[in-house]
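Open the model in your viewer and get ready to select residues by number.

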Amino acid sequence: MVVKLYGPDFAAGKHVLVCLIENEVEFETVPIDIIKGQNKDPDFFNLQPFGVVPVIQDGDYTLFESRVIIRYYAEQYKSQGTDLLGKSIEERELWNTMEILFARKKGTPSDAKAIEESEKKLEKVLDIYEERLSKSKYLAGDFFSVADLSHLPLTKYLADMGKVSLIEERKHVKAWWNDISNIPIFKKVSSSRWPILE
């Protein structure tokens with residue numbers, strides 16, 4: 001049975017797409033227009049009771065929350081496509097730490113002071129990443145993993161918001177971002193609207 005990926009064609013859905021493609025999972029996309037409120041439709045609530053996207057339907061199994069989805073598919077399909085988890089416990093779990101750090105620093109504050117404070121916090125996180133990336137090519141080691149994959153949409157968003165200097169002023173973060181953002185499938189996913197593989 002083909003996996004169905006429900007969601008908008010931006011943000012968190014993008015790294016789920018990359019994960020599915022990297023792990024050679026057969027799937028189809030089902031666009032959900034959150035601007036039009038399709039995620040609040042009663043039929044969608046039957047699939048996802050909170051109305052949150054992206055959502056994966058794999059036969060009778062339904063998963064939501066993008067990081068959970070990519071972790072599941074990276075584990076489920078680790079023997080095919082790209083191994084996104086790593087071999088050691090340190091490699092496998094480092095991405096959790098990085099994700100928690102990054103997630104705590106993001107947000108959408110509405111006032112200038114809050115934005116400035118958030119940016120300073122993000123700079124501290126990026127400094128931690130800079131230190132980490134001075135020791136390895138990627139966040140979890142010398143291989144592309146779910147740690148890197150889960151950062152693709154938000155880091156692209158950060159760059160697209162005109163905050164690319166936060167990345168470029170850190171040598172190792174810049175090299176890491178230039179590498180992961182130029183993965184061919186991410187470039188294709190980033191420049192496409194759903195369904196992507198028509």
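Select asparagine 39 and glycine 51. The side chain of asparagine 39 reaches the backbone oxygen of glycine 51 at 2.8 Å. This is a predicted model, in which local features need pLDDT of at least 70, side-chain atom pairs count only at pLDDT 80 or more, and totals for chains, interfaces and linings use all residues. Residues are numbered from 1 along each chain as its sequence is written, and side-chain values use heavy atoms, with hydrogens and water left out.

Now show the surface. Is asparagine 39 buried or exposed? Asparagine 39 is buried, with a relative accessible area of 8%. (Buried means under 20% relative accessible area, exposed over 50%, partly exposed in between, with a 1.4 Å probe and protein chains only.)

Next, show what asparagine 39 touches. Contact means heavy atoms within 4.5 Å. Not counting residues up to four places away in sequence, the contacts include Ile32, Phe44 and Val53.

Switch to cartoon view. Asparagine 39 sits in the loop between strand S2 (27-31) and helix H2 (42-47). Helices (H or I, at least four residues) and strands (E, at least two) are DSSP runs, numbered from the N terminus.

Follow S2 into the sheet. Four strands form an open sheet in the order S2-S1-S3-S4, with mixed pairing. S2 and strand S4 (61-64) are the edge strands, each pairing on one side only. Two strands pair if DSSP finds at least two bridges between them.

Finish at strand S3 (residues 55-58). S3 and S4 pair in the antiparallel sense over four bridges. Select glutamine 57: its bridge partner in S4 is threonine 62.

Note on methods
A polar contact is a pair of N or O atoms within 3.5 Å; within protein, one must be able to donate a hydrogen and the other to accept it, and residues adjacent in sequence count only if both atoms are side-chain atoms.
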